[in-house]
Amino acid sequence: MPRIAYVNGRYVPHREAMVHVEDRGYQFADGVYEVCEISRGFIVDMTRHLDRLDRSLRELQIAWPMSRKALHIAMSEVIHRNLVRDGLVYLQVTRGVAPRDHAFPAPGVRPSIVITAKRLDTVAGAKRAATGLDVITVPENRWERVDIKTVGLLPNVLARQKAKSAGAHDAWFVDPDGTVKEGASSNVWIVTKDNVLVTRQAETGILRGITRTTVFDVARKLELKIEERNFSLDEAKAAKEVFMTSATTVVMPVVSIDGHSVANGHPGATTLLLREAFFDVAERSPA
Ligand code: PDD
């Protein structure tokens, strides 16, 4: 089956899906993105993802490439044309194509938009959740505005590669004082001995994950207590449970940190409960 991408108003075969060499996304990483999960043919938490896209665009003074309604239609079309029932839909929006100059181009340059979709193997995801992830830690080396979901992901790329080279699944960014920030592409959580869910506050230093926000709703439904505060690497290593959240992995247990087993080295019960209850709570928009 040929894969189809949406590029600036056209549905094109994946191998012909290209942006101009002077696209500012390519030249400067001057753009933002979103990733939504597709579950059983529905787009998960689309309202929250498009609200965050709106915020990222506004923070960088990039115009919307099309109306929100048209964007939903284009996303659905890409999902349908690629026959994706369970998977991911990606949107990248950049400041557009203009002669290379660091400052913003003249008004009237249209933002570029690319939409792609791919299938996810839900069985493989479930298997991974049953065993959990090994993570390593890396020093925080990103800029301050990680609250904006930009396509400038080089530190995240290097962190993930370091994890892969070390035989681990993922990497966490940690501040010099030992405070845990977030994963290379996820938010991180711990469950304390008293069964309290702890995750860093999202005002600074991390991306406000959509899965993170929806897990707050899930936890409220399950009557679990949440604390939004900093936690240290030592606290994470000593926690009852550790997990990560993202659109690509939903709620994913972490079973070791820098080679140190979390609890008994198996996914925790609360983590698995949150994973199971997630889709009963998350918003589902028809694709
Ligand atoms: N990443 N923090 C970072 C740095 C991320 O890149 C992501 C998501 C998250 C979790 O956000 P959400 O729950 O909205 O997916 C936190 C996406 C999935 C990616 O880059 O593939």
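A cavity here is a set of points, on a 1 Å grid over the protein atoms alone, where a 1.4 Å probe fits but cannot get out, and lining residues have an atom within 4 Å of a point. Keep in mind that this is a predicted model, where local features need pLDDT of at least 70, side-chain atom pairs count only at pLDDT 80 or more, and totals for chains, interfaces and linings use all residues. Numbering runs from 1 along each chain as its sequence is written, and side-chain values use heavy atoms, with hydrogens and water left out.

Select Glu-37, Val-44, Asp-45, His-49, Ile-210, Thr-211, Ser-246, Ala-247, Val-250 and Phe-278 to show the lining of the largest cavity. About 60 Å³ of space sits inside the largest cavity, counted as the space filled by probe spheres set on the points. Domain 1 (4-120) and domain 2 (125-282) both contribute to this lining, so the cavity lies between them; the domain bounds come from an automatic or database assignment.

Next, pick Lys-240, Glu-241, Val-242, Val-254, Val-262, Ala-263, His-266, Pro-267 and Gly-268, which line the second largest cavity. About 30 Å³ of space lies there.

Now bring up the ligand.

Zoom in on the polar contacts (pairs of N or O atoms within 3.5 Å). At Arg-52, a side-chain N or O atom is 2.9 Å from a ligand oxygen. At Lys-149, a side-chain N or O atom is 3.2 Å from a ligand nitrogen. At Ala-247, a polar backbone atom is 2.8 Å from a ligand oxygen. Helices (H or I, at least four residues) and strands (E, at least two) are DSSP runs, numbered from the N terminus.

Last stop: helix H4 (residues 122-131), capped at its N-terminal end by Asp-121, with a side-chain oxygen 3.1 Å from the backbone nitrogen of Val-123. Just after H4, look for Gly-132, which takes a positive phi of about 90°.

Notes: A polar contact is a pair of N or O atoms within 3.5 Å; within protein, one must be able to donate a hydrogen and the other to accept it, and residues adjacent in sequence count only if both atoms are side-chain atoms. On a 1 Å grid over the protein atoms alone, a cavity is a set of points where a 1.4 Å probe fits but cannot get out, and a pocket is an open set with protein on both sides within 12 Å along at least five of seven lines; lining residues have an atom within 4 Å of a point.
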